[in-house]
Amino acid sequence: MTTVVLADDEALLRKALAALLPLEGEITVLAEAEDGETAIAATLEHRPDVLVIDLEIPRVDGLGAVEQIRRARPEQVILMLTRHARPGVLRKALKLGVQGFVSKAAEPAHITSVIKILHAGKRWIDPDVSALAVVDDCPLTDRELDVLRATREGFSVADIAGQLHLAEGTVRNYLSNAMQKTQTRTRHEAARYAREHDWL
């Protein structure tokens, strides 16, 4: 039996998966979460074999949640659901140790089989996800992307510095570099530009 925590803000999809996954295979859903903060709490409390988490969830996004969970449970197996496989996001998720990527459009039977693959210690990236992620024309460094991602979530420079364990001056330098590379005037414009180009 494989135990799972499901984290997705789309209630219909989450409830459908919670109902269908146990029917498709020997899977027990221990808890559901509708945002990143709840996903972190549920994962640390229930310690599932596999965390199935949506990339784009509110409060703390999928990557932020994975980062916090990894610090507390480095061995946690994680399957990320995504609609848009942006190269920078895929790269960051793999660096954080996410073992699997599946399209949110996938059939429950496929998601079940990938959960089993990950639980067996292997990795899985859906071909359509990896194909999209291979095209990488992003001129920004990973750290520049990190500060723009935090900017998009509305954090101040001081907040970003605290979150990423950097000096405020260092954050400003990254933001300045990102603005130069994207030829934008503000950090918010730079974040928007990066998002529109699928770099975040």
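**Notes on the fold**

1. Let me begin with helix H3, where Gly-62, Leu-63, Gly-64, Ala-65, Val-66, Ile-69 and Arg-70 are buried. Please keep in mind that this is a predicted model. The cover over these buried residues of H3 includes H2, S3, S4, H4 and helix H7 (142-152).

2. Apart from its neighbours within four places in sequence, Leu-63 touches Leu-55, Met-80, Val-89, Lys-92, Ala-93, Leu-96 and Arg-149.

3. Next, the partner helix. H3 and H4 pack at an angle of about 10 degrees, and their axes are 10 Å apart. With that angle under 35 degrees, H3 is roughly parallel to H4. On the H3 side the contact uses Leu-63, Val-66, Glu-67 and Arg-70, which meet Val-89, Lys-92, Ala-93 and Leu-96 in H4. Sorted by class, the contact of H3 with H4 has five nonpolar, no polar and three charged residues.

4. H4 also packs against H7, here at an angle of about 105 degrees with the axes 11 Å apart, so H4 is roughly perpendicular to H7. H4 brings Gly-88, Val-89, Arg-91, Lys-92 and Lys-95 to this contact, and H7 brings Asp-142, Leu-145, Asp-146 and Arg-149. What is the make-up of the contact of H4 with H7 by class? There are two nonpolar, one polar and six charged residues.

5. Now the sheet. Six strands form an open sheet with parallel pairing, in the order S2-S1-S3-S4-S5-S6. Strand S2 (27-33) and strand S6 (124-125) are at the edges with a single partner strand each, so one side of each has no neighbour in the sheet. Inside this order, strand S1 (residues 2-7) and strand S3 (residues 50-54) run parallel and are joined by four bridges; Val-4 stands opposite Val-50 in S3. Helix H2 (residues 36-46) lies across S1, S2 and S3, at about 140 degrees to S2.

6. In soluble globular proteins, nonpolar side chains tend to be buried together. Here the largest nonpolar core has 25 residues, and Ile-53, Leu-63, Val-66, Met-80, Val-98 and Phe-101 have the most contacts inside it. Two or more residues come from each of S1, S2, H2, S3, helix H3 (62-72), strand S4 (77-82) and helix H4 (87-96). A second, separate core has 19 residues, among them Leu-140, Val-147, Leu-164 and Ala-190.

Key: Residues numbered from 1 in each chain as written. Predicted model: local features only at pLDDT ≥ 70, side-chain atom pairs only at ≥ 80, totals over all residues. Heavy atoms only, no water. Pairing = 2+ DSSP bridges. Contact = heavy atoms within 4.5 Å. Axes fitted to C-alpha atoms, helices over the stretch in contact; angles between N-to-C directions. Core = buried A, V, L, I, M, F, W, Y, C linked by side-chain atoms within 4.5 Å. Buried < 20%, exposed > 50% of the residue type's maximum accessible area, 1.4 Å probe, protein only. Parallel < 35°, antiparallel > 145°, perpendicular 65-115°, else oblique. Nonpolar A, V, L, I, M, F, W, Y, C, P; charged D, E, K, R; others polar.
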